[in-house]
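Morning, everyone. Let me put the structure up, and then we will walk through it.

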Amino acid sequence: MLRVAVPNKGTLSEPATDMLREAGYRQRHDSRDLTVIDAANDVEFFFLRPKDIAIYVGSGELDLGITGRDLTADSGAPVTEQLGLGFGHSTFRYAAPTGRDWKVQDLAGLRIATAYPNLVRQNLADRGLSADVIRLDGAVEISIQLGVADAIADVVGSGRTLRQHALAPFGDVICASEAIMITRAEGDVSAAARQLISRLQGVVFAQQYLMLDYDCPKALLAAATKITPGLESPTVAPLADPDWVAVRAMVLRSKSNPVMDALAALGAKAILASDIRSCRL
Ligand SMILES: Nc1ncnc2c1ncn2[C@@H]1O[C@H](COP(=O)(O)OP(=O)(O)OP(=O)(O)O)[C@@H](O)[C@H]1O
Ligand SMILES: O=P(O)(O)OC[C@H]1O[C@H](OP(=O)(O)OP(=O)(O)O)[C@H](O)[C@@H]1O
Ligand SMILES: [Mg+2]
């Protein structure tokens with residue numbers, strides 16, 4: 001039976017469970033459950049702290065795991081990133097009190113509080129800097145105010161928490177993170193693990209794309225298919241009116257509005273966008 005780790009708490013927990021459910025896997029209904037067996041798919045899910053997941057997968061105890069790219073990097077566990085899952089996007093950055101133009105070099109000899117000490121030590125070493133790394137578990141933004149640190153390195157989502165504490169990020173992004181699917185670095189990925197990865201890939205793709213359907217005068221078809229080339233090539237079907245055709249093509253969700261504007265400006269009619277639940281490309 002395939003053994004898969006899923007975040008049991010925190011930002012990644014609910015979207016990870018939702019994505020697995022969308023891919024057809026049985027998930028827990030009670031947030032206190034630590035395991036769920038999906039007999040139909042021959043998979044056992046383990047609900048673990050996201051910080052611990054790379055360690056379980058790296059040691060070979062579990063076959064697959066969903067966790068953050070930043071947490072994986074900090075763990076130092078021997079794992080391979082198989083797939084970006086498109087949620088839990090964040091950046092990991094240095095930050096310090098506003099009112100001064102901070103440079104990373106200014107951190108030399110200072111105290112830096114963080115919940116990701118290995119990631120920070122590695123980044124300082126790469127820059128040839130020596131500083132005192134203070135390991136905290138969370139609420140890192142308050143540590144400067146409380147006098148245990150001069151600067152922090154922490155996860156930034158919207159940036160709201162930093163602003164609330166009169167802190168500003170500086171320096172290059174240390175890690176651009178999102179939720180990822182990991183496997184053990186050593187050894188082959190089993191066929192069962194590959195199947196779960198490909199099902200999740202189908203959901204990730206489906207969330208990134210929309211299906212566009214529209215009617216188009218035959219004379220404009222070449223120009224319209226330039227706007228919506230689809231993945232391979234758009235589907236073109238005849239309509240009752242011999243001067244018109246129906247076109248169907250996948251478009252990136254992020255580009256869908258400008259694409260629909262361009263089609264309408266060209267002369268396409270009845271332009272419909274619909275969600276895709278899952279796919280295999
Ligand atoms: N505000 C946020 N926006 C996006 N991703 C975030 C945010 N906060 C944490 N993450 C991501 O979630 C993962 C951290 O998992 P963690 O368990 O620490 O979640 P959490 O939400 O901080 O929960 P908790 O602190 O309650 O344990 C990291 O990959 C991190 O990049
Ligand atoms: O940029 P923002 O959108 O404000 O999000 C960033 C905050 O979110 C996370 O904190 P969380 O709520 O998980 O608390 P924690 O610090 O205890 O982990 C992270 O550690 C930051 O503090
Ligand atoms: Mg947190």
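What distance separates the centres of domain 2 and domain 3, taken over C-alpha atoms? The answer is 48 Å. Before we go on, some ground rules. This is a predicted model, where local features need pLDDT of at least 70 and side-chain atom pairs count only at pLDDT 80 or more, while totals for chains, interfaces and linings use all residues. Residues are numbered from 1 along each chain as its sequence is written, and chains are lettered from A and ligands numbered from 1 in the order in which they are written.

Now the domains. The bounds come from an automatic or database domain assignment. Domain 1 covers 2-87 + 178-189, domain 2 covers 90-176, and domain 3 covers 209-275.

UniProt has its own view. Its positions are given here in the numbering used for this model, feature names are shortened, and annotations may be inferred rather than shown by experiment. An unreviewed entry places "domain: ATP phosphoribosyltransferase catalytic" at residues 49-202. That stretch is 28% helix and 32% strand, and its end C-alpha atoms are 26 Å apart. The record also has "domain: Histidine biosynthesis HisG C-terminal", again from an unreviewed entry, over residues 206-277. Here we get 29% helix and 40% strand, with the end C-alpha atoms 6 Å apart.

Next, the sheets. Helices (H or I, at least four residues) and strands (E, at least two) are DSSP runs, numbered from the N terminus. Two strands pair if DSSP finds at least two bridges between them.

Take the six-stranded sheet. It is open, with mixed pairing, and its order is β2-β3-β1-β4-β11-β5. β2 (35-38) and β5 (79-84) are at the edges with a single partner strand each, so one side of each has no neighbour in the sheet. Neighbouring strands are turned by 30 degrees against each other on average, direction ignored. For angles, axes are lines fitted to C-alpha atoms, for helices over the stretch in contact, and the values run from 0 to 180 degrees between N-to-C directions.

β5 and β11 (residues 179-184) run antiparallel, joined by five bridges. Glu81 stands opposite Ile182 in β11.

Which helices lie across this sheet's strands β1, β3, β4, β5 and β11? Helix α2 (residues 50-58) does, at about 145 degrees to β4. Helix α6 (residues 191-208) does too, at about 35 degrees to β5. Contact means that the C-beta atoms of two residues, placed from the backbone, lie within 7 Å.

On to the four-stranded sheet. This open sheet has antiparallel pairing and the order β13-β14-β12-β15. β13 (235-238) and β15 (269-275) are its edge strands, each pairing on one side only. The twist averages 20 degrees from one strand to the next. Nine bridges join β12 (residues 209-217) to β14 (residues 244-252). Find Cys216: it stands opposite Val245 in β14. Helix α8 (residues 256-266) lies across β12, β14 and β15, at about 165 degrees to β15.

Last, the ligands. A residue is near a molecule if its C-beta atom, placed from the backbone, lies within 6 Å of it. As for classes, Ala, Val, Leu, Ile, Met, Phe, Trp, Tyr, Cys and Pro count as nonpolar, Asp, Glu, Lys and Arg as charged, and the others, Gly among them, as polar.

Why does ligand 1 lie between domain 1 and domain 2? Because both domains give residues to its shell. That shell has 14 residues, and the closest are Gly10, Thr11, Gly68, Ser90 and Gly157. By class, there are four nonpolar, eight polar and two charged.

Ligand 2 has Asp154, Gly157 and Arg160 among its surrounding residues. β9 (151-156) gives the most to that shell, with three residues. α5 (160-164) supplies at least two. The classes are four nonpolar, five polar and three charged.
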